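Visitor: I'd like to learn how to read a fold like this one. Could you take me through it feature by feature?

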Amino acid sequence: VDADGSVMLGAEGTGLHYSLDSGQNWNSSGLASSSFWGAAVDSDGTFMIASINGGALQISSSTGSTWYPADIQDYTTKTWQGVDADSDGSFLIAAENTRLWTSHDSGLTWQERRPGGDTNLNWWSVAVDSDGTNIIAGVNAGALYTYENTWAGTNAVCTNEPVQCYTSGTQGSYTLNADDALTAATQYWWKASARDPDDAGTYT
């Protein structure tokens, strides 16, 4: 959803659809796939990004009217999952089952990111702030990672499932109910949330 809620992008199993009138009417992207996963829009709705499990990341710089694939080697072998964009679409981030990928030029070129070091982690969800400075990324049944100049917020032993890691501190805090406790015997499913620029709504 863009900043004022007029432009929306939705991914479902067999299609990718966008609305330019706050969901009153919907248009097909024209992209064919059986495995659309994630979708994100910049603040004015110009740039869009969508992920396809076992296919290419798809990017639009024309509010959904045309699309082009991200130029990432061996993209069809990757399980693309969460995606997000900063306010002007210049910074994009995508999660797949072994790596994170980022772009600083609206998807023209991409860089592989490995916050988990040499360990392959199943990256599930991502969110970025308005200027691309702060990032949060979640591992399926694993830890949350945060980025502000450097990646942080995970325990080095949190590589096996189920794991028992979470992060807190100056880069983010995660509040438990009074009687809750994180235990190694429980498998946790993390999600990332982001607020729109005027703090009117939260998207998870």
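Visitor: Let's start with Lys78: is Lys78 buried or exposed?

Guide: This is a predicted model, so take every value as computed from predicted coordinates. Lys78 has a relative accessible area of 13%, and because the cut-off for buried is under 20%, Lys78 counts as buried.

Visitor: Where does Lys78 lie?

Guide: Lys78 sits in the loop between strand 7 and strand 8.

Visitor: And which residues is Lys78 in contact with, leaving aside neighbours within four places in sequence?

Guide: Among them are Ile52, Asn53, Gly54 and Gly55, then Ile72 and Gln73. Glu96, Asn97 and Trp101 are on the list as well.

Visitor: How many salt bridges does a search of the whole structure find?

Guide: The search finds three. Another one links Glu112 with Arg99, where the closest N and O atoms are 3.0 Å apart. Glu112 belongs to strand 11 (residues 111-113) and Arg99 to the loop between strand 9 and strand 10, so this pair ties together parts that are 13 residues apart in sequence. There is also a salt bridge between the side chains of Arg114 and Glu112, at 3.9 Å from N to O. Shared partners join Arg99, Glu112 and Arg114 into one network.

Visitor: How accessible are Arg99, Glu112 and Arg114?

Guide: Arg99 is buried, with a relative accessible area of 13%. Glu112 is partly exposed at 39%, and Arg114 also counts as partly exposed, with 37%.

Visitor: Strands keep coming up. How do I read a sheet?

Guide: In general, strands of a sheet pair through backbone hydrogen bonds, either parallel or antiparallel. In this case four strands form an open sheet in the order 8-9-10-11, with antiparallel pairing. Strand 8 and strand 11 are at the edges with a single partner strand each, so one side of each has no neighbour in the sheet. On average, neighbouring strands of this sheet are turned by 20 degrees against each other, direction ignored.

Visitor: What connects strand 8 to strand 9?

Guide: Three bridges join these antiparallel strands. Ala85, for instance, has Leu92 in strand 9 as its bridge partner. The two strands form a hairpin with six residues between them, and Gly89 in the turn has a positive phi of about 75 degrees.

Visitor: How many bridges pair strand 9 and strand 10?

Guide: Four, again in the antiparallel sense. Leu92 stands opposite Ser103 in strand 10, and Ala94 has Trp101 in strand 10 as its bridge partner. Strand 9 and strand 10 also form a hairpin, this one with four residues between them.

Visitor: Which way do the side chains of strand 9 point?

Guide: As a rule, in a regular strand the side chains alternate between the two faces of the sheet. From strand 9, Leu92 and Ala94 point one way while Ile93 and Ala95 point the other way, and all are buried.

Visitor: What about ring pairs?

Guide: A pair of aromatic rings is described by the distance of the centres and the angle of the planes. The structure holds three aromatic pairs. In one of them, the rings of Trp123 and Tyr145 have centres 4.9 Å apart and planes at 65 degrees, so the pair is edge-to-face. The pair links distant parts of the chain, with Trp123 in strand 12 (residues 123-128) and Tyr145 in strand 14 (residues 144-148), 22 residues apart. Trp123 and Tyr145 are both buried.

Visitor: Can we zoom out? How many helices and strands are in the protein?

Guide: Zero helices and 17 strands. Of the 204 residues, 42% count as buried. Among contacts with a separation of 6 or more, 37% are between residues 24 or more positions apart. The protein exposes about 10,300 Å², with carbon and sulfur atoms supplying 45% of it.

Note on methods
Residues numbered from 1 in each chain as written. Predicted model: local features only at pLDDT ≥ 70, side-chain atom pairs only at ≥ 80, totals over all residues. Heavy atoms only, no water. Salt bridge = Lys/Arg side-chain N within 4 Å of Asp/Glu carboxyl O. Buried < 20%, exposed > 50% of the residue type's maximum accessible area, 1.4 Å probe, protein only. Contact = heavy atoms within 4.5 Å. Pairing = 2+ DSSP bridges. Axes fitted to C-alpha atoms, helices over the stretch in contact; angles between N-to-C directions. Areas by Shrake-Rupley, 256 points an atom, 1.4 Å probe, with all protein chains shown as cover. Phe/Tyr/Trp six-rings, centres within 6.5 Å; stacked < 30°, edge-to-face > 60°.
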